[in-house]
Amino acid sequence: MGSTITLHNLAKTYPNGQKAVRRLSMTVADGEFLVLLGPSGCGKSTLLRMIAGLETISGGELHLDGKMANDLQPSERDIAMIFQSFALYPSMTTAQNIGFPLAVQKQDHDRVNARVHSVAQTLGISHLLDQIPGRLSGGERQRVAMGRAVVRRPSVFLMDEPLSSLDARLRARLRTEMLAITRSTGATTVYVTHDQAEAMALGDRVAVMRDGVLQQIDTPRSLYALPANAFVGTPRNNLLHGTVHAPVDGVMALSSGAQKITLSYPLTHDHQMLRVVQGQPLLIGLRPEAIRIADRTHATVFERAMTGIVEHTEFQGHEALLHLSLGGQRADVPDQLADHAPHAPARRSAAAFVRRLRHRTGLLGRRLPHPGNTQPPAQPPARKDIGELVIRDSPGARHRRGQHIPLLIDVRNLLVFDERGERVSPDPTRVPDL
Ligand SMILES: Nc1ncnc2c1ncn2[C@@H]1O[C@H](COP(=O)(O)OP(=O)(O)OP(=O)(O)O)[C@@H](O)[C@H]1O
């Protein structure tokens, strides 16, 4: 059995004034595996430690199974925590380390023994029960640490980058095992990582954080398909500066630098709505599946030709990454997003959407300057040295620096964000159809 964890406007300000978590609200369902994803310093560990009771809460409420838990002692929360640096008792054997939480509860020796053996078997470390940690490998020690967390069958697991010190193969194997164990116990899990691939692989849902602010919480599929903003979508997106052209008597197009992507007619609902942001500085997100290397003669009705110039090739064994220049300017995630809490879901009418778009892009009223930041948003510097576009290539292809590469862009897979990084296309009010 797991617990439901509810955070309501949870906040943490450290004594030095550092705001690590800002009014964060979400609910983790009973038995759910939730991944907290975000870059270093965004407040993931602080949030986890507040749930565990290891850090005081500065504001808001924490509820465990509907009961206010802000002031509960860690030992009263039925929570087990697993850290990156697994602190095992060096002089205790594997069996003693795993059984320790039960031993301190003064449980019957035979019962403890039986539980330790059963847990060790599940984790594949029965043959290591008499070893001390100094004689174990990193992976084995992490298994023992997991065993110690699992043995008392807590209703919540909190895991803080538990696998980050292990090599890639072991990490992949252990994370599958960890998922299986938490599923089998029915516990609720909150798992912290800054590894996007790990988050996507593990999470029932993924909560993306930036600078203490929750950006989006959703299933991995929805996060990938419909990122709320450029920050959430960036790790797998190429982000280009661009604008929408919508001449009254011509075809609508997006341009980036000297290159143009004409949209397909009849226009989709999402593309029709882009008319409202014409002429505005925008960010165009191109996911890897939106781009392929092929000549315009191979284009489907949804594909548009572009040309990239090879700046650099990164050989990765199973594939190569081509860094291409498009003659435009690569965009980075706007800093303004940092303090910007995502919008509450809006009404689903097109009119409301248009009004909101207009407001955001300054057609109606001026946007208020960000608190403490009265400067206009600065354009990030051009990074022409490595190109604006990174695409996958077959490892056998030998493209030379300076070579012109024909590209086809699928207009159905375009993401468009406003200059603050908020998604404007696909329609932000659309419910994922996945
Ligand atoms: N005890 C503390 N006192 C003051 N500031 C702190 C303290 N602990 C953390 N911070 C700050 O709070 C912010 C969030 O830290 P936190 O460790 O929660 O981030 P994180 O996302 O877990 O980072 P990482 O992935 O590097 O562990 C950071 O700016 C950090 O420097």
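I began with burial: a residue is buried if 20 or more other C-beta atoms lie within 10 Å of its own, exposed if 12 or fewer, and partly exposed in between, with the C-beta atoms placed from the backbone. I noted that this is a predicted model, in which local features need pLDDT of at least 70 and side-chain atom pairs count only at pLDDT 80 or more, while totals for chains, interfaces and linings use all residues. I counted residues from 1 along each chain as its sequence is written.

**Confidence.** I looked up pLDDT, the predictor's confidence in each residue, from 0 to 100, and found that the protein chain averages 83, with 84% of the residues scoring at least 70. Over residues 335–385 pLDDT stays under 50, and for this stretch the model has 53 contacts beyond four places in sequence, a contact being two residues whose C-beta atoms, placed from the backbone, lie within 7 Å. I also wrote down ipTM 0.98 and pTM 0.81 for the model.

**Whole chain.** I listed 10 helices and 21 strands in the protein chain; helices (H or I, at least four residues) and strands (E, at least two) are DSSP runs, numbered from the N terminus. Of the 434 residues, 39% are buried, and among contacts between residues at least 6 apart in sequence, 74% join residues at least 24 apart.

The buried ones are Lys44, Ser45, Thr46, Leu47, Leu48, Met50 and Ile51. Just after H1, glycine 53 takes a positive phi of about 90°.

**Helix H5.** I checked the length of H5 (residues 168–185): at 1.5 Å a residue its 18 residues should span 26 Å, and its end C-alpha atoms are 26 Å apart, which agrees; the expected span is 1.5 Å times one less than the number of residues. In H5, Arg175, Met178 and Thr182 are buried. They cover an arc of only 65° around the axis, which puts them on the same side of H5, the arc being that of the directions from the helix axis to the C-beta atoms. An α-helix has 3.6 residues a turn, so residues three or four places apart point the same way. The face of H5 turned away from the buried side carries the exposed residues Arg169, Thr176, Ala180 and Ser184. I saw that the buried residues of H5 pack against strand E3 (33–37), helix H4 (138–150), strand E7 (156–160), strand E8 (188–193) and helix H6 (196–202).

**Two loop residues.** I placed proline 266 in the loop between strand E13 (259–262) and helix H9 (269–273), where it counts as exposed with 7 C-beta neighbours inside 10 Å. Glutamine 280 lies in the loop between H9 and strand E14 (282–286), and it is partly exposed, with 18 other C-beta atoms within 10 Å.
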